[in-house]
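I opened my notebook today to look at how two chains sit together and what holds their parts in place. Here is what I looked up, entry by entry.

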Amino acid sequence: MCPFGTISSFSFSLLIISPLIYLLARFDRRWASAFLALASGLGLYKLATMYGEWGLPSQSFEIIPNVTISFTNSPIQWYFAFIGLGIMLTIFLFEISWLSKSRTPSAHIFFEAVILASLPGFFMAGDLMTLYIFFELMSWAAFFIVSQASEKSEKAARTFIAMNTTGAMALLYVLFLLYTRFSTLNIEELRTLLPSAGAGFNLIIFALFVFSGLIKAGSFPLHTWLRKTHGNAPDSFSAVLSGYLIKYGSFVVAVTTVIFPSLLLFSNAPHFMGLPLPNYILAVLGGVSIIVGTLMAIKQQDAKMLIAYSSVSHAGYIVMALAMVSSYSVAGGLLHVLVHALAAAGMFLSMAAVKYRTGTTNMSELGGLVDRMPVTFATYLISIISTAGIPPMVGFVSKWLIYQSTITGGFIFLSFAAFFGSIGSFLYVFRPLATVFFGQRPKRLENVREVPFIMQLPMIIISALTVIFGVLPSIALKPIAEAERYYGIKPVSFSFSEIRGALGSWNSVLVFFVFMLGFIMAAVIFYLARKSVRVGLLENYTAGEIPREIINSPELYHYAHNFYRPVERLYEHHPSLEDFYETALGENLKKFGVFLKTLFYNHRLDWYLYVSILTILFLWWLL
Amino acid sequence: MKILESAAVIITGIVFGLFLLGVQRKLVARVQRRYGPPIWQQFIDVAKLFSKSSISHGFVFDMGVMMALGGTIATLLFVPIGKLQVLSMSGDFIVVVYLMAVASLGMAMSAVNSGNPNASIGVMRALTQMFGYELPYLMVMMGMMFAYRTSSILGMAQVQQGGILNWNLFRVPIGAIVVFISMFGISGKKPFDTPIAPAEIASGPMVEYSGKFLGSLTLMHALVIFVDISIFVNVFLGGASNYWFFLLKVLAVFSLMVLISSVIPRFRVEQVVTFSWKWPLFFAVIQSVILVAMGVR
């Protein structure tokens with residue numbers, strides 16, 4: 001069978017049978033979810049067999065002359081699609097049990113089937129038209145899923161679709177521009193044709209691509225939809241949104257900077273520290289995104305919104321790394337796609353598990369769940385260690401690679417932003433850990449149990465992968481180096497256990513084993529000493545007196561509300577981009593809309609008379 | 001051979017770290033015109049703590065303490081100590097800084113798991129002030145890594161050989177001062193001791209520890225101080241070819257820190273951040289701009 005036939009048939013057959021999946025879900029939602037898990041597993045298997053068969057002529061059919069629906073296989077596309085299907089697989093496993101909490105399980109699973117179908121189609125697209133179609137399909141399906149969660153989420157879904165449609169329109173406009181100029185939309189052909197176009201044209205293409213990419217990736221200054229959408233989406237779907245759908249934007253950025261050779265296109269543009277100015281500006285936007293995401297994440301009260309802003313920060317890392325287009329930065333950026341996919345899925349799934357049992361993700365209403373939900377806690381812990389970029393998890397590897405690039409390039413602001421996000425992430429990831437899993441447990445959470453095994457399984461898979469890739473990043477770097485070679489960037493140099501950077505090398509296996517050695521030594525010292533007595537959470541030092549209120553309601557003795565108040569106070573009165581878009585843009589747009597509405601739905605017919613007379617007068621004067 | 005060397009490094013770290021803490025108590029006492037405890041008091045204290053009974057608040061409470069001590073022991077092996085260079089060939093500065101973070105995370109987790117709000121507040125303060133002092137530190141190191149094209153701590157020590165004037169203390173003076181200030185934060189010295197603040201939050205993260213827990217964390221604290229100052233000595237004071245000479249340099253830097261911190265009052269927690277981002281960060285950025293401007297080829 002032709003390998004590309006499998007991708008198109010996977011997408012289209014899944015689209016065609018999605019109504020059947022809806023019916024199956026009406027019958028029994030667990031079977032539908034299991035079926036989709038199986039389908040994504042099958043897709044993963046197909047993709048795995050396609051590794052190495054790059055760039056073969058693709059199966060395609062024409063819709064208008066020279067515009068086709070076609071699929072191709074290149075290392076970057078393969079890499080993105082593979083991660084996407086993997087994340088979807090874990091989510092579907094999770095949903096087998098989680099769907100009982102969904103308000104509309106059948107519709108949820110139906111739209112997720114559509115998203116699953118759009119995924120390989122988008123990432124393996126051979127031309128921009130295919131890319132655009134699947135992009136729209138995904139936005140449309142995601143819109144309906146987001147709107148299902150609660151009353152509040154309808155507004156969130158509207159923000160989501162408004163911004164995503166704007167991005168899609170920008171993409172469509174690029175398509176028109178490119179088609180009128182080159183009369184082709186094939187990505188491989190455009191790669192060779194674009195350098196012949198002028199710098200001005202390329203700049204417009206670049207800007208529009210970046211505009212739509214930043215919206216989808218949730219990067220500054222177009223990140224504002226992320227908080228509402230991720231915070232109010234159905235819990236398991238937040239993991240899809242953050243773990244995977246915002247990577248659609250990262251992919252668009254990768255197309256703009258890496259697949260279209262941006263360094264070559266702007267070789268005559270002014271340079272800053274050896275980087276063309278458009279690329280540098282994009283990298284700076286990524287850097288600002290890191291800082292904004294970090295600061296906003298620190299002040300969130302709701303765990304899901306906190307993770308949403310951490311996604312803004314991580315999208316910033318990816319955009320910044322991909323914009324620099326050096327050997328280390330592209331490797332770091334692509335690896336960070338994997339890192340954030342795993343970490344965000346892990347964090348959101350553990351929060352979904354918490355909500356599944358307790359009904360809330362508001363951090364100040366929770367506490368002390370570590371004894372009750374150990375697997376959920378372990379998943380969250382491993383994911384945040386990766387998010388914060390601490391070895392031996394995979395998050396450290398990608399940040400290390402990105403630092404190699406920012407430091408050797410001498411980019412002071414970009415290094416600053418990268419460090420800022422890294423240290424700031426210690427703050428915000430620790431907050432849910434301290435307030436949800438540790439501290440005093442409110443009385444009403446006394447009987448909370450761990451989630452069923454089928455929900456633990458995906459969390460265990462994600463945690464295991466985070467550790468495995470952290471100890472042996474060479475597994476993940478192999479396709480990345482392949483991608484770099486394919487697009488003419490010097491591939492990053494690594495061996496089984498060692499990665500060689502510009503500033504030095506680091507041996508992941510060695511660091512892991514030395515850490516384990518230190519841990520074992522500490523444990524030996526610890527266990528040789530006298531055994532300790534286990535006491536309850538309420539047997540605390542309280543300066544000699546135990547107030548009765550604490551025993552009756554332990555949550556009073558739990559430091560969770562306004563956790564980072566001293567830091568927040570420093571930027572309390574910051575300008576909000578979200579408010580700006582809502583008031584300055586949103587309100588004015590609404591006024592404009594109302595004005596248009598009065599034109600069409602006005603019952604006072606004299607309006608039409610005035611307008612017609614004015615038009616006739618105007619035409620008479622003109623002609 | 002490597003095993004013997006590792007053992008030597010770990011024993012050096014623990015013994016000399018505890019010795020430093022003893023020196024600290026003595027110095028502070030002398031500044032305050034007291035006699036002070038004997039210099040080996042800290043050894044007695046740790047031995048006593050390990051022999052006493054203790055209370056535990058659960059599995060994470062235990063594991064976090066082991067993670068904290070284990071993480072620092074692991075970090076120590078990557079730092080060159082004079083000629084003792086166990087794993088310093090792969091002693092990448094970025095790796096070392098982040099390995100230290102594992103230890104801090106372990107301790108923070110364990111402390112918060114005790115369920116005492118004082119511990120949570122202490123950890124919050126520790127993380128907050130870390131946000132302050134780490135940034136200038138890393139910005140200076142960014143400039144240094146750019147200028148020397150290496151992130152290896154040993155590599156940076158080696159480029160400074162041949163005379164005192166080759167030391168980065170004189171080549172990169174602004175950066176050296178900034179890193180010196182940041183080290184007060186890393187080792188929790190006044191004015192950066194908001195997380196402990198005994199009078200306000202009952203020693204913060206330490207509030208629930210007793211017996212071997214407190215003993216392990218004292219060892220960790222001693223090791224953190226030793227690792228921290230060793231990095232400074234290697235990067236700014238030219239390292240040392242002689243083991244004893246290296247320890248002497250560490251002692252000198254530490255004594256200076258103790259003398260300064262013993263006459264300074266404590267910052268309020270957000271003052272740490274505003275101060276760090278106002279002055280040290282400003283000078284750190286200036287220093288790295290200078291280094292980058294000089295180093296561009």
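Entry 1: I began with E482(A), which is partly exposed because its relative accessible area is 24%; buried means under 20%, exposed over 50%, and partly exposed in between, using a 1.4 Å probe and protein chains only. Its side chain meets that of R485(A) in a salt bridge, 3.8 Å from N to O. A salt bridge here is a side-chain nitrogen of Lys or Arg within 4 Å of a carboxyl oxygen of Asp or Glu. R485(A) and E482(A) are 3 residues apart in helix α19 (residues 474–486) of chain A, so about one helical turn separates them. Helices (H or I, at least four residues) and strands (E, at least two) are DSSP runs, numbered from the N terminus.

**Entry 2: ground rules.** I noted that this is a predicted model, where local features need pLDDT of at least 70 and side-chain atom pairs count only at pLDDT 80 or more, while totals for chains, interfaces and linings use all residues. Residues are numbered from 1 along each chain as its sequence is written, chains are lettered from A and ligands numbered from 1 in the order in which they are written, and side-chain values use heavy atoms, with hydrogens and water left out.

Entry 3: In chain A, 3 strands form an open, antiparallel sheet in the order β5-β6-β7. The edge strands are β5 (493–494) and β7 (505–507), each pairing on one side only. Two strands pair if DSSP finds at least two bridges between them, and 2 bridges join β5(A) to β6(A) (residues 498–500). S493(A) has R500(A) as its bridge partner in β6(A). R500(A) also forms a salt bridge with E498(A), the closest N and O atoms being 3.3 Å apart. R500(A) is partly exposed, at 35% relative accessible area, and E498(A) is too, at 23%.

**Entry 4: where the chains meet.** I counted 77 residues of chain B in contact (heavy atoms within 4.5 Å) with 75 residues of chain A. About 6500 Å² is buried between the chains, and carbon and sulfur atoms give 79% of that; buried area is the accessible area (1.4 Å probe) that two parts lose on being put together, summed over both. M66(B), Y98(B) and F131(B) supply 11% of the area that chain B buries against chain A, more than any other three residues. Which residues form the 1 salt bridge between the chains? E270(B) and R569(A) do, with their closest N and O atoms 2.7 Å apart. Strand β8 (residues 533–534) of chain A runs parallel to β1(B), joined by 2 bridges. R534(A) has S56(B) as its bridge partner there.
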